[in-house]
Amino acid sequence: MDRINVSTVSEFIFVGLSDAPQVRFLLFVLFLLVYLATLAGNMTILVAISTDTHLHNPMYFFLCNLSLLDILCPTITVPKMLEALLFEKKGISFTGCMVQLFFLIDVVGTEIFLLAVMAYDRYVAICYPLQYVNIVTMKLCAHLVIGTWIAGFFNSLLHTSFIFTLLFCDSNKVDQYYCDIPPLLALSCSPTYTSELVILTVAGVLGSGAFLVTLISYVYILLTILWTNSAESRHKAFSTCGSHLTVVCLFYGTTICTYVRTSSSYSPNQDRIVSMFYGIFTPLLNPMIYSLRNKEVKSTLRRMTRQVRTAL
C-alpha cells in the first residue's frame with residue numbers, strides 16, 4: 001500500500017528546453033534542419049549501397065547497419081523535442097517515457113557493439129588480406145550483426161527494468177529533453193544504489209569488452225600499416241581506418257561521459273550538451289566523416305546524381 005501511495009508520478013515534464021519563445025523557435029528550426037540532414041545523409045548511404053552491386057560486401061553491409069542506427073537514434077528523441085519546442089507539449093506519460101528510454105538504450109548499445117564488429121572487420125581486411133574473403137563471409141557478417149542487435153536488446157531490457165522499478169514521488173520534472181537514465185536516477189525518490197551498481201557493472205563489462213576489441217584491432221592494424229612498404233597501401237588503410245576511428249572516438253567519448261558515472265556526479269547542464277552531441281550531431285557527422293569520404297561510395301553517389309539529372 002505504501003508503494004502505491006508513494007509512486008504517484010504518471011507523467012514526466014521535460015524542463016531541459018528554453019521557455020523563451022524566440023529561443024524556442026530558433027532551436028526548433030536548428031534541430032529540424034539537423035534532423036532532416038541526418039535522415040537525408042544516412043538514407044542516401046543506404047540507397048547507394050543497396051543499389052550498387054559493387055558495394056555488396058561485408059564492409060558496406062556493416063556500414064548500412066550503422067546508417068540505420070544513425071537514423072533510429074535521433075528519431076527516438078528529436079520528434080518529441082520538436083513537438084515540445086513548437087507546441088509547448090513538454091509532457092510524456094510514464095509508459096511513454098519507459099518506451100522511449102528502452103529504444104534509446106537499445107540503439108546506443110547496438111551501435112557500441114557494431115563499432116567493435118566493424119573494427120574487427122578492418123583488422124582482418126588489413127592484417128589478413130589474402131584470407132579476408134574466407135574469414136569474413138556474408139554468413140558471418142549476418143550472425144555478427146544479428147548478435148549486436150540481440151545484445152543491444154537485452155542490455156536495454158536490463159537497464160530499463162531497473163529504472164521501471166524505481167519510485168518517483170517528489171517531482172516529475174526531467175532536466176533533459178528526453179527520457180534517459182541519468183536524469184531519471186537523479187529524479188527518483190527511492191534508493192538507487194542497486195540500480196546504479198548494476199548499470200555501471202553491465203555498462204562497464206560490455207562497454208569495456210567492445211572497447212578492448214576495438215583498441216586491440218587498431219593496435220594490430222597500426223603495426224601492420226607501419227610494416228607495409230607500399231605508400232599507397234598505407235594511405236588507403238589510414239584513410240579508411242582513420243575515418244572509422246574518428247567515429248568510434250566521438251561515440252565512445254560522449255556515451256562514456258553520459259552513462260559511466262554515479263547519480264551523485266550528475267550535472268544537468270553538462271549532460272544536456274553531451275547527450276545532444278551523441279544523440280543529434282554524431283548521427284549527422286557519421287556519413288560525412290566515414291561514409292562520404294569513401295571513394296567507392298562517392299563514385300556511386302556521383303553515378304546516382306547523373307542518373308537523376310538524366311531522368312529529370
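Guide: I'll start with the overall layout, then go through the helix and its neighbours.

A bit of bookkeeping comes before that. You're looking at a predicted model, where local features need pLDDT of at least 70, side-chain atom pairs count only at pLDDT 80 or more, and totals for chains, interfaces and linings use all residues. Residue numbers start from 1 along each chain as its sequence is written, and side-chain values use heavy atoms, with hydrogens and water left out.

Read from the N terminus, the elements go α-β-α-α-β-α-α-α-β-α-α-α-α-α. Of the 312 residues, 47% count as buried, buried being under 20% relative accessible area, exposed over 50% and partly exposed in between, with a 1.4 Å probe and protein chains only. Take the contacts (heavy atoms within 4.5 Å) between residues at least 6 apart in sequence: 81% of them join residues at least 24 apart.

Now to the helix I'd pick, α4. Helix α4 covers residues 94-127 and packs on the sheet, where it touches β1 and β2. The direction of α4 makes about 85 degrees with that of β2; angles run from 0 to 180 degrees between N-to-C directions, and axes are lines fitted to C-alpha atoms, for helices over the stretch in contact.

What is that sheet like? It's open, with three strands in the order β2-β1-β3 and mixed pairing. Two strands pair if DSSP finds at least two bridges between them. In general, strands of a sheet pair through backbone hydrogen bonds, either parallel or antiparallel. At the edges sit β2 (91-93) and β3 (173-174), each pairing on one side only. Strand β1, residues 11-14, runs parallel to β3 and is joined to it by two bridges. For F14, the bridge partner in β3 is V174.

The cysteines are C97 and C179, with their sulfur atoms 2.0 Å apart. C97 is in helix α4 and C179 is in the loop between β3 and α7 (181-187), so the pair ties together parts 82 residues apart in sequence. The torsion about the S-S bond is about -125 degrees, so the disulfide is left-handed. C97 is buried at 0% relative accessible area, and C179 is buried at 0% too. C127, a cysteine of α4's contact with α8, counts as buried at 19% relative accessibility.

Next come the helix neighbours. The axis of α3 (residues 58-87) comes within 10 Å of that of α4, and the two cross at roughly 160 degrees. That makes α3 roughly antiparallel to α4; the scheme calls angles under 35 degrees roughly parallel, over 145 roughly antiparallel, 65 to 115 roughly perpendicular and the rest oblique. The crossing of α3 and α4 is left-handed, which is the label when the near helix is turned anticlockwise from the far one by less than a right angle, with right-handed for clockwise.

Helix α8 (residues 193-227) packs against α4 at about 20 degrees, with the axes 9 Å apart. So α4 is roughly parallel to α8, and α4 passes α8 in a left-handed crossing. On the α4 side the contact includes I112, F113, L115, Y120 and C127, and they meet a set in α8 including L206, V213, Y218 and I225.

The C-alpha atoms of L115 and V247 are separated by 8.6 Å, although the two are 132 residues apart along the chain. V247 lies in helix α9 (residues 231-259) and is buried at 0% relative accessibility.

How values were computed
Helices (H or I, at least four residues) and strands (E, at least two) are DSSP runs, numbered from the N terminus. A disulfide is a pair of cysteine sulfur atoms within 2.5 Å.
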